[in-house]
Amino acid sequence: MGMTSVDPDRIRDNPQERQRGPVLLRGDQVSPGTTDQRLLDQRGPSDWVHADPWRVLRIQSEFVEGFGLLSEVPTAVSVFGSARTKPDDPTYKATERLGAALAKAGYAVITGGGPGAMEAANKGAQQAGGLSIGLGIELPFEQQLNDWVDLGINFRYFFVRKTMFVKYAQAFVIMPGGFGTLDELFEAVTLVQTGKITRFPIVLYGTEYWGGLVDWIRSTLMAEGKISPGDDELLHLTDDIDEAVQLIVDSQRKSAGNEA
């Protein structure tokens with residue numbers, strides 16, 4: 001299958017075309033902003049408030065669509081990383097190898113469905129014969145699901161999409177990324193720390209990239225008592241694709257043994 005890369009460095013605010021959840025709008029059907037913006041922005045006329053109860057039905061439908069699509073997905077791993085990662089970047093190649101290694105180990109690969117590292121993970125998984133899943137999101141600029149997604153859905157609301165990433169994955173692998181990647185990382189580690197999800201490996205790939213963050217967590221958060229001793233061990237730092245996959249496999253085996 002071919003591959004289409006989207007350059008996120010260039011704002012693609014095309015007034016003639018917009019993706020709204022699973023719906024494609026063109027021409028005069030395009031409206032400014034996103035669904036999330038309209039939900040969270042409390043400014044505007046008071047009649048906006050009266051529309052909120054109806055928004056609940058749309059939110060409910062997103063959960064139903066997501067659960068319905070993903071309920072029969074096999075054991076999966078969510079992979080996160082920057083949409084800005086270029087195909088000639090070593091991180092892109094590493095993420096592609098990760099997607100393939102996960103597929104060969106029997107895991108479906110879930111990403112945000114976009115370009116960059118997400119595309120690389122989907123590509124690696126698909127080319128290795130695994131199931132490649134993309135969970136897209138409505139953004140102010142156009143971003144279609146990449147061409148390496150076998151099973152995909154576009155969400156309007158970030159919090160619905162985040163639920164799917166966690167609910168249908170047995171682990172997270174965090175490749176080098178920006179604010180969105182950090183958001184997913186810290187949400188996942190918070191859920192594990194608070195016991196909302198259990199036996200959930202979180203692997204940080206790239207010791208040079210993530211090492212400073214892990215050092216700060218230990219030297220500042222832990223040193224000042226903002227987290228408990230051992231919380232830093234919820235994050236596994238590695239530069240080895242095989243080690244990353246083995247950590248996930250071992251965790252799943254341990255979980256299965258404890259439940260037996």
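By contact I mean heavy atoms within 4.5 Å. This is a predicted model, where local features need pLDDT of at least 70, side-chain atom pairs count only at pLDDT 80 or more, and totals for chains, interfaces and linings use all residues. Residues are numbered from 1 along each chain as its sequence is written, and side-chain values use heavy atoms, with hydrogens and water left out.

I start with arginine 161, in helix α5, residues 158–167. Helices here are DSSP runs of H or I with at least four residues, strands are runs of E with at least two, and both are numbered from the N terminus. Setting aside residues up to four places away in sequence, arginine 161 touches Gly112, Leu135, Gly136, Ile137 and Phe155.

Is arginine 161 buried or exposed? Arginine 161 is buried, where buried is under 20% relative accessible area, exposed is over 50%, and partly exposed is in between, with a 1.4 Å probe and protein chains only. Arginine 161 has no salt bridge, and the nearest side chain of opposite charge, glutamate 184, is 4.8 Å away. For charge, Lys and Arg count as positive, Asp and Glu as negative, and His and the chain ends are not counted. A salt bridge needs a side-chain nitrogen of Lys or Arg within 4 Å of a carboxyl oxygen of Asp or Glu.

How many salt bridges does a search of the whole structure find? The search gives six. One of them joins lysine 162 to aspartate 183, with the closest N and O atoms 2.5 Å apart. Lysine 162 is in α5 and aspartate 183 in α6, so this pair ties together parts 21 residues apart in sequence. Lysine 162 is buried at 15% relative accessible area, while aspartate 183 is partly exposed at 35%. Lys162, Asp183 and Glu187 are linked in a salt-bridge network.

Another pair is aspartate 232 with arginine 218, 2.7 Å from N to O. Aspartate 232 sits in the loop between α7 and β9, and arginine 218 in helix α7, 14 residues apart. Aspartate 232 counts as buried at 10%, and arginine 218 is partly exposed at 41%. Glutamate 224 also pairs with lysine 226, at 3.2 Å between the closest N and O atoms, and both of these residues are exposed.

Last, helix α7 itself. Its buried residues are Trp210, Gly211, Val214, Ile217 and Leu221. The elements covering them include β7, α6, β8 and β9.
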